[in-house]
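Look through the structure below before reading on.

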Amino acid sequence: MVPLTFAETGEKIIIKKIGGSPDVKKHLEDMGFVVGTEISVITANGGNVIINVKNTRVAISKEMALKIMV
């Protein structure tokens with residue numbers, strides 16, 4: 001298990017764990033980041049990561065991406 005920031009661009013991966021405070025976990029769940037969901041990294045540049053989750057593109061900060069374990 002590694003943080004989402006280590007995933008390769010275009011690689012399909014499954015969320016295994018979400019860390020952080022209850023508020024952070026709830027915020028990520030509201031955006032579609034749920035354990036067991038398949039996601040893929042579209043691009044990672046600067047401090048942001050763009051993810052394809054449930055057929056939607058979502059941009060999150062690198063700090064948030066570090067809380068998502070795949």
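Lys-26 and Asp-30 lie four residues apart in helix H1 (residues 22-30), so about one helical turn separates them. Helices (H or I, at least four residues) and strands (E, at least two) are DSSP runs, numbered from the N terminus. The model is predicted: local features need pLDDT of at least 70 and side-chain atom pairs count only at pLDDT 80 or more, while totals for chains, interfaces and linings use all residues. Residues are numbered from 1 along each chain as its sequence is written, and side-chain values use heavy atoms, with hydrogens and water left out.

The side chains of Lys-26 and Asp-30 form a salt bridge, at 2.9 Å from N to O. The term means a side-chain nitrogen of Lys or Arg within 4 Å of a carboxyl oxygen of Asp or Glu; by this rule the count is one salt bridge. Lys-26 is partly exposed at 48% relative accessible area, and Asp-30 is exposed at 54%. Here buried means under 20% relative accessible area, exposed over 50%, and partly exposed in between (1.4 Å probe, protein chains only).

Now the sheet. Four strands make an open sheet in the order E1-E3-E4-E5, with antiparallel pairing. Strand E1 (12-14) and strand E5 (56-61) are at the edges with a single partner strand each, so one side of each has no neighbour in the sheet. Two strands pair if DSSP finds at least two bridges between them. Strand E4 (residues 48-53) is joined to E5 by six bridges, and Val-53 stands opposite Thr-56 in E5.

Thr-43 belongs to strand E3 (residues 38-45) and is partly exposed, at 27% relative accessibility.
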